Amino acid sequence: MTEISFYFNAPSRTAYACRLLRQAQRNGMSLAVVGAPAVLDELDRDLWSFGPAEFVPHHRVERMSEVPEGLRTRTVWHGENPIDAPVHDVLLNPGDEPPEGFETFERRFEIG
């Protein structure tokens, strides 16, 4: 069963998502982010704004299942379909609706 954590009253969903991703990755979690293209574009832009000490390795892919095995746990993966994610540990959903297939993940972070 997927453990769901809710984060409410975030002034900016993408800024809060960046904070969660940075913290989760530092704690050794493997992460995937699912969302609409515009949301993923904004998140990607914000993640690239960090300095070298705070940078979060991330990559946006269309077919996440084609990611080489050695890269799967070291990078935050962005895509529109969570089922295709190369990792199913933690799913971050910065959107309004629960994504299909979220139940295949151990944990899900929801930002409201």
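This is a predicted model: local features need pLDDT of at least 70, side-chain atom pairs count only at pLDDT 80 or more; totals for chains, interfaces and linings use all residues.
Let's start with the inside. The largest nonpolar core has 18 residues, and the members that touch the most others are Leu 21, Val 33, Leu 43, Leu 47 and Leu 92. Helices H1 (13-26) and H2 (37-47) each give two or more residues to this core, as do strands S2 (31-34), S5 (90-93) and S6 (107-111). H1 supplies the largest share, with five residues. There is also a second, separate core of five residues, including Ala 32, Ala 85, Leu 91 and Phe 105.

Beyond its neighbours within four places in sequence, Leu 47 is in contact with Cys 18, Leu 21, Phe 55, Val 56, His 58 and His 78.

Now for H1 itself. This helix runs for 14 residues and spans 20 Å from first C-alpha to last, close to the 20 Å expected at 1.5 Å a residue. Its buried residues are Thr 14, Ala 17, Cys 18, Leu 20, Leu 21, Arg 22 and Ala 24. An α-helix has 3.6 residues a turn, so residues three or four places apart point the same way. The buried residues of H1 pack against strand S1 (3-7), S2, H2, strand S4 (76-79), S5 and S6. After H1 comes Gly 28, with a positive phi near 80 degrees.

Over in strand S5 sits Asn 93. Asn 93 counts as buried because its relative accessibility is 3%, and the cut-off for buried is under 20%. Its side chain makes a polar contact of 2.9 Å with the side chain of Glu 110. Setting aside neighbours within four places in sequence, the contacts of Asn 93 are Val 34, Pro 98, Pro 99, Phe 109, Glu 110 and Ile 111.

| Pair | Closest N and O atoms |
|---|---|
| Arg 107 and Glu 3 | 3.6 Å |
| Glu 54 and Arg 22 | 3.3 Å |
| Glu 110 and Arg 108 | 2.6 Å |

Arg 107 is in strand S6 and Glu 3 in strand S1, so this pair ties together parts 104 residues apart in sequence. Arg 107 is partly exposed at 21% relative accessible area, and Glu 3 is partly exposed at 44%.

Glu 54 lies in the loop between H2 and strand S3 (58-60) while Arg 22 is in helix H1, so their bridge links parts 32 residues apart in sequence. Glu 54 is partly exposed at 39%, whereas Arg 22 is buried at 16%.

Technical notes: Residues are numbered from 1 along each chain as its sequence is written. Side-chain values use heavy atoms; hydrogens and water are left out. A nonpolar core is a set of buried Ala, Val, Leu, Ile, Met, Phe, Trp, Tyr and Cys residues joined through side-chain atoms within 4.5 Å. Buried means under 20% relative accessible area, exposed over 50%, partly exposed in between (1.4 Å probe, protein chains only). Helices (H or I, at least four residues) and strands (E, at least two) are DSSP runs, numbered from the N terminus. Contact means heavy atoms within 4.5 Å. A polar contact is a pair of N or O atoms within 3.5 Å; within protein, one must be able to donate a hydrogen and the other to accept it, and residues adjacent in sequence count only if both atoms are side-chain atoms. The expected span of a helix is 1.5 Å times one less than its number of residues. A salt bridge is a side-chain nitrogen of Lys or Arg within 4 Å of a carboxyl oxygen of Asp or Glu.
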